[in-house]
Amino acid sequence: MKWIKKLLPLLIICVGIAIFGLLVSMRKKPERMEQVYMGPLVEVIEAPPQKIKITVDGQGTVRPDAQINLVPQVSGKIISRNDSFKSGGSFSKGDTLCRIDPRDYLLAVRQANAEVAQSQYRYDVSKQESDLAQREWQRIHGNTKKPSELVLQLPQLRASKAALTAAEARLEGAKLKLERTTLRAPFKGRVRNVQADVGQHINVGQPIAQLYSIERAEIIVPIPDEDLAWFTLPLPFEISESKDASINSVSSINEKKQNIPLQYDGQGAEALVEGVFAGRHSVWSGRVTRTEGEIDPQSRMARIVVEVENPYGNIINGGSPLMVGMFVNVKIAGRYLDNVRVVPRSAIRKSSQESLIWICDTNNRLRFRPVELIRRIQDGMLVHVEMTPDERIIISQLSSATDGMSVRVSTQQREIGS
C-alpha cells in the first residue's frame, strides 16, 4: 500500500503528459492570411457647388448727413425762441427757432421807403423836364437840327433814375435784414447744443446753436480695399464715352475669377444696418452712396459711406430711431457667385506654387486637386475646384500624404465650421 501511494501521483502525471501529447499531435496548423493595408482613417465632407450671394460686412458710427452752426446775419437782442430750441429738441424745416428784436430794422425799412418815395419824385420831375425840353426844341427848330443830350436834360434824367434804383436796393436790403431777424430751420433736424437765450444780445457771425439733420443719416464703414470688387459702387463722376474703350472705361463683370473688376452704376449697392437701441435689436435699409476720396494711408482701408433715408421713420410704428452716435453693423449686398464651394480653411493645403485640396475619389484614394481661392467668409473659404458629384473633400491632417494613396473614410461626417 505504501508503494501504491508513492507511485500514484507519478502515474497521474504520466497519464496527463500522454493525453497532452495526443492532443498536440491531433491539432491542425493555422491558415496563413495576408493582411491588406487599408490606409489611414480620414474625415471627409461633401461640398456641393452652390450659387452664393456675397455680403461685405463692416462697422461704423452713425453721423448726420448735414450739420451746421446756426449763425445770425443781423445783430440784436433775442426776444423769443421756440420751445424746441434747446439741446435735444427737434424741429421741422421752416420752423421759427428764435426771433431778434426787429424794431431797429422796421425803422430802417420805413426810412428806406421814404428814400424811395423821394427818389421817385426826383425822377418824375426830371422826366417831365426832359419831355418839356424835347417839345420846346421841336417847336423852335423842328426836325432841322438834332438836339444834344444836355439840352434835353438826359444826364439829369439818368442820374435821378440811378438814385431811384439805389434807393430801391437799400429798401430791399432793409427788408432782407428785417426778414433775417427771424431765424428759421433750414431742414428737419435736432438741436445738438444752444449758446444763447432770450434777452441775450447776439452779433453778426456769432454761432448761437449747432443743428443737425435727421432727414438722412450716414455711416462711415472702413473695409479692406480688395472688398470694393464685391459690390456695386456709385459713379464718383460722370464718365464720357471714349473712342478708345481701354481708356477711362468701366470694365464688365467676371464673376468666376478672383481678379474681379470694379462694378459701377448710378446707384450703389443696398445695405442692411443693424444696431441696438434701448435694448432692442433693430434694422434699417440703406445704400452705398459714395466712397471717400482716398485710401487710409495707415490702415490701407477704404471708407464707404452708407446713407439711410428717414432714420427716425420707425418711431411711428413703435420702432427704434437710428440715432447719431450709434455704433452699428453694416452688411453690404454684393454680387452672386455661381458654381462655388464652401470648404473649411483647414482643408486648404499650401504647396510651393499653388493651393491644393485633398480629394477622396470613388475608389477611396487620396488625390491632389488644385483649387482657386475666391473669398474668405465666416464659415470657411469660397473656392472654385473641379469635382465629380461622388468625390468628397478630406479635412483630416496627415503627417505624410501622396497622390493616389489609399485611405479609410470615417463613417462620421461633420458639417463645415463644426
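**Exercise 1.** State how many cavities of 30 Å³ or more the structure holds, and describe the lining of the largest cavity.

Solution. The model is a predicted one.
- Step 1: one cavity of 30 Å³ or more is present.
- Step 2: the space in the largest cavity comes to about 30 Å³.
- Step 3: its lining is made up of Tyr212, Ser213, Ile214, Ala217, Pro311, Tyr312, Leu322 and Val324.
- Step 4: sorted by class, seven of these lining residues are nonpolar, one is polar and none is charged.

**Exercise 2.** Find which elements line the largest pocket, and sort its lining residues by class.

Solution. 
- Step 1: the largest pocket holds about 310 Å³ of space.
- Step 2: 13 residues line this pocket, and Thr55, Asp57, Arg376, Ile377 and Gln378 lie nearest its centre.
- Step 3: two or more lining residues come from each of strand E3 (50-64) and strand E22 (372-377). E3 gives the most, five residues.
- Step 4: by class, the lining has seven charged, four nonpolar and two polar residues.

**Exercise 3.** Locate the largest nonpolar core and name the element with the largest share of it.

Solution. 
- Step 1: this core has 31 residues, and Ile304 and Leu322 are among those with the most contacts inside it.
- Step 2: at least two core residues are supplied by each of several strands, including E3, strand E12 (216-224) and strand E18 (327-343). The largest share, six residues, is that of E18.
- Step 3: leaving out residues up to four places away in sequence, the residues that Ile304 touches include Ile219, Phe231, Arg290 and Ile332.
- Step 4: another core, of 18 residues, lies apart from the largest one, with Leu97, Ile100, Tyr105 and Ile202 among its members.

Definitions and conventions: Residues are numbered from 1 along each chain as its sequence is written. This is a predicted model: local features need pLDDT of at least 70, side-chain atom pairs count only at pLDDT 80 or more; totals for chains, interfaces and linings use all residues. Side-chain values use heavy atoms; hydrogens and water are left out. On a 1 Å grid over the protein atoms alone, a cavity is a set of points where a 1.4 Å probe fits but cannot get out, and a pocket is an open set with protein on both sides within 12 Å along at least five of seven lines; lining residues have an atom within 4 Å of a point. Grid points are joined across faces, edges and corners, and a volume is the space filled by probe spheres set on the points. Helices (H or I, at least four residues) and strands (E, at least two) are DSSP runs, numbered from the N terminus. Ala, Val, Leu, Ile, Met, Phe, Trp, Tyr, Cys and Pro count as nonpolar, Asp, Glu, Lys and Arg as charged, and the others, Gly among them, as polar. A nonpolar core is a set of buried Ala, Val, Leu, Ile, Met, Phe, Trp, Tyr and Cys residues joined through side-chain atoms within 4.5 Å. Buried means under 20% relative accessible area, exposed over 50%, partly exposed in between (1.4 Å probe, protein chains only). Contact means heavy atoms within 4.5 Å.
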